[in-house]
Amino acid sequence: MADPRFFERRGPFSLEFLANAVGGELDPGDDRTTLIRDIAPLNLAGADDISFLVDKRRASNFADTTAGACLVGRGAIPPGPSGLRLVRVDKPYLAYIRLANLFYPEPALEAGIDRRATIEPDARIGVGCRIDAGAVIGARAELGERCHVGPHAVIGSGCVLGADCRIGAGVTISHALIGARVRIWPGARIGQPGFGFVPGARGHERVPQLGRVVIHDDVDIGANTTIDRGAAGDTLIGTGCIIDNLVQIAHNVTLGQGCIVVAQAGISGSTRLDDHVVLGGQVGLSDHLKLGKGARVAAQGGVMRDIEAGGVVGGSPAVPIRQWHRQTLALARLARRKGD
Amino acid sequence: MADPRFFERRGPFSLEFLANAVGGELDPGDDRTTLIRDIAPLNLAGADDISFLVDKRRASNFADTTAGACLVGRGAIPPGPSGLRLVRVDKPYLAYIRLANLFYPEPALEAGIDRRATIEPDARIGVGCRIDAGAVIGARAELGERCHVGPHAVIGSGCVLGADCRIGAGVTISHALIGARVRIWPGARIGQPGFGFVPGARGHERVPQLGRVVIHDDVDIGANTTIDRGAAGDTLIGTGCIIDNLVQIAHNVTLGQGCIVVAQAGISGSTRLDDHVVLGGQVGLSDHLKLGKGARVAAQGGVMRDIEAGGVVGGSPAVPIRQWHRQTLALARLARRKGD
Amino acid sequence: MADPRFFERRGPFSLEFLANAVGGELDPGDDRTTLIRDIAPLNLAGADDISFLVDKRRASNFADTTAGACLVGRGAIPPGPSGLRLVRVDKPYLAYIRLANLFYPEPALEAGIDRRATIEPDARIGVGCRIDAGAVIGARAELGERCHVGPHAVIGSGCVLGADCRIGAGVTISHALIGARVRIWPGARIGQPGFGFVPGARGHERVPQLGRVVIHDDVDIGANTTIDRGAAGDTLIGTGCIIDNLVQIAHNVTLGQGCIVVAQAGISGSTRLDDHVVLGGQVGLSDHLKLGKGARVAAQGGVMRDIEAGGVVGGSPAVPIRQWHRQTLALARLARRKGD
């Protein structure tokens, strides 16, 4: 399925091995020793490939597929071609992920420090790290085991990274404590001073930004995203948060566990998201708000008030999502009546 | 016109040479051998300069100009100073571009590979390329002839670039096949994994991102813009697309030929734009949409439904542009009636 | 208060010294020689610390604080603990900034040019500059005294920077004249060509971008922000402007003095902001607009018309802020009536 210029394929694997890997069930008559060489979408898969039916709208693709095998759910399934071997699983999409990772595992990290990296003598680099050309590791910085610091990434003085972090090319990090297995994609900016200014006698006076950025384990931070450090106190990103590209997170923001922030959203200073909050693309949050557990904001929403746990809002200014839909309809009706 | 610290001027050129270069017509009595030294706006041009009248609102500037010559359209023109030599052309703005490029051509590329660049031994670098300090070219990457890779740009393993590409400082490219004459401005991020996560047993599970970014010829990509690679299949940017700064293009998006995407717009996963679609600044598109040929979205529009060919929409959620204007007016009237 | 891994603390200072530093008044009986070791928020401060009451909503923190001293306003204050020494000042927040800068001054710049920097022979580097690893300084560029150019920052040929500028890691600057004490945070992109294209015979034709970016003194430019150079003429940023992260400023935009542009706002080509204009987060301005002195746009506002001096607008399309509030209320009422 994947271009061999960019992805290395493993295998082949027996159908039985793959079925076991996903806790799947084969039909009794199927040959468990059949070798499967790749995983591919229904419309592209051939006799040596395993495919996947994860969306019932693909029933016609399923009917016509020439795949050798297919991941399907345990319930009723649409009619497929005769001879197609079925692997019945609880969750076909999770099973697809498992198999895709079997055929195309992430390349193992080749440890080593490029001679063109700049590492301060008192920085501590964990066993098995890879530091690429042009990377800069500041004084007293600490990197856990098996971290990868990409080309030209800059880790500022005193920063701490846990094990197995992946820091992309050209990322800059300062004033930050970062957990394990954190992935930061190219060009993200972590730890620059927050946007704090007050009117003074001679123009705007800078408010000293004396806090940090604290990022917990298993966080993903998108390309060119910016996360400012706290003014007094920290900017906090909870375990398992997933942050997309070009997101702005201002000083002293707190994200609970497992929050999802889609591209180009912005969160103003000191706003707090409880666990599992979801912000759609281009959402904007005012400062000093509280969003309760599991709250959701539809794309482009502009939130000016707190949201209770489980609340779902949309629009700018944001209102409960049903009200937003009603407003949208009411406005369309009003325009028809008045405009025609 | 241009600061000699940054732009090198050619010339002088005879008036006849310039008129011929733009297919322009001089008045019979004018001295075709007059030397013209520069091109400048009406209010700044002097006796040795050629100027341009491209906007009728500049009639008063035209009346007062001290330029030696001026590009004008072939139709009626406002009254100008006596002695001003006119060069009548079909399209004064295109003629301006032609002459500006004559006086200020792009500097020729000086070929050479900086000794501070890092180039893997099996990368293939075309004749006449320039590779700047700190650039990194990965294994098996291929660059066409006369490409310029700016300082600290990173071209990942296996990437292919056509001839005459310009890759700005600090750009990162991975998992990408790129055509000829593509320009990517500083800080753009091409080919990082798309934003694909599904709820798993232990938090969000990453969906493997096994596709590529495929960029056709003559594309322009703005500074700090992000284009993610496909999940299964590719993210595609068609020939001649023009993408501004800070744009987000998610995995598996397809842009047809000649699309224009203005700054800070965002396109969600798998959405398809047909040829010549135009997105205004800060527009957001939902995922899995289809925008027909020549569709246009006004700035800040939020599109949640398909748009037919030639459709023009605005607002969030976006509606046909006339309806949006009616809604805007109706809402203003409603507020006046209720609020006063 | 601040993490010693990232911030170096000065002191201790006598209470009298600190009071004098902020023009503050101590109560007659207080011991002026008491040593104060740090500055901290009310709820974290101990007996050796000075704290600050800048927000009356903190009255309960003030009542319970164990701080040794506290900055307060000169007027009535809420009841505090006995034994707390008060330093009465005109503006407690400005006094806090003063003291925070005393305890945690910005580190002095250590002059020096890293051997891994690339500096063209005819570039002029002022006395006391610090140029970090991987920085690139182009031909004929001029840096004033005591500038700091961070790792991998690229200053293009002919650019001029005044004294005491701070250029962050990975910043790129070209075609720019920059004043004194300008701070540009990591990843900002200054001086790439503006977005100028016109329909030509064979696709979009590029309009030559022959202008510059001119940035006056004491400007602050956020991380990953983009400022394009002018087409013919300059993009201008006035003295003391404060620009947040991920902002887009198009070609030929003019900002007067002391403007504030919050994160992810975008300003289209040739729009002019008079002095002290404030744009909220994610605001978008159309091209060729004029915003009068002190005009303000609420977050996510989309401005399509000029704004007079002192005008305050909100919404998309933006209307006077009171009208926007009325519209919001009217729409909510309309939806209730029609929808239920």
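**A walk through a three-chain model**

Asp3(A), Arg5(A), Arg212(B) and Asp234(B) are joined to one another in a network of salt bridges, a salt bridge being a side-chain nitrogen of Lys or Arg within 4 Å of a carboxyl oxygen of Asp or Glu. Residues are numbered from 1 along each chain as its sequence is written, while chains are lettered from A and ligands numbered from 1 in the order in which they are written. The model is predicted, so that local features need pLDDT of at least 70 and side-chain atom pairs count only at pLDDT 80 or more, whereas totals for chains, interfaces and linings use all residues, and side-chain values use heavy atoms, with hydrogens and water left out.

Of the 340 residues in chain A, 58% are buried, where buried means under 20% relative accessible area, exposed means over 50%, and partly exposed lies in between, with a 1.4 Å probe and protein chains only. When contacts in chain A between residues at least 6 apart in sequence are considered, 20% of them join residues at least 24 apart, a contact meaning heavy atoms within 4.5 Å.

Where chain A and chain B meet, 50 residues of chain A are in contact with 64 residues of chain B. The size of an interface is often given as the accessible area lost when the parts come together. Between chain A and chain B the buried area is about 4300 Å², of which carbon and sulfur atoms give 63%; this is the accessible area (1.4 Å probe) that two parts lose on being put together, summed over both. The rule finds 2 salt bridges across the interface of chain A and chain B, and Arg206(B) and Asp220(A) also meet through their side chains in a salt bridge, at 2.7 Å from N to O.

Over all chains, the structure holds 48 salt bridges. In chain A, Asp27(A) forms one with Arg88(A), the closest N and O atoms being 3.5 Å apart. This pair links distant parts of the chain, 61 residues apart, since Asp27(A) lies in the loop between strand 2 (25-26) and strand 3 (35-36) of chain A and Arg88(A) lies in strand 7 (residues 85-89) of chain A. Asp27(A) is partly exposed at 26% relative accessibility, and Arg88(A) is partly exposed with a relative accessible area of 22%.

In chain C, the side chains of Arg181(C) and Asp218(C) meet in a salt bridge at 2.7 Å, N to O. Here too the pair links distant parts of the chain, 37 residues apart, with Arg181(C) in the loop between strand 19 (176-178) and strand 20 (183-184) of chain C, and Asp218(C) in the loop between strand 24 (213-215) and strand 25 (220-221) of chain C. Arg181(C) is partly exposed, with a relative accessible area of 39%, as is Asp218(C), at 32%.

Strand 18 (residues 172-173) of chain C runs parallel to strand 21 of chain C, to which 2 bridges join it, and the partner of Ile173(C) in strand 21 is Ile190(C). Strand 21 also pairs with strand 26 (residues 226-229) of chain C, in the parallel sense over 3 bridges, where Arg189(C) has Thr226(C) as its bridge partner. Because 5 of the 5 residues of strand 21 (residues 189-193) of chain C are buried, this strand is largely enclosed by the rest of the structure.

Cysteines complete the tour. The structure holds 0 disulfides over all chains, a disulfide being a pair of cysteine sulfur atoms within 2.5 Å. Cys147(C) is in no disulfide, and the nearest cysteine sulfur, that of Cys165(C), is 4.5 Å away. Cys147(C) is buried, with a relative accessible area of 0%.

Notes: Helices (H or I, at least four residues) and strands (E, at least two) are DSSP runs, numbered from the N terminus. Two strands pair if DSSP finds at least two bridges between them.
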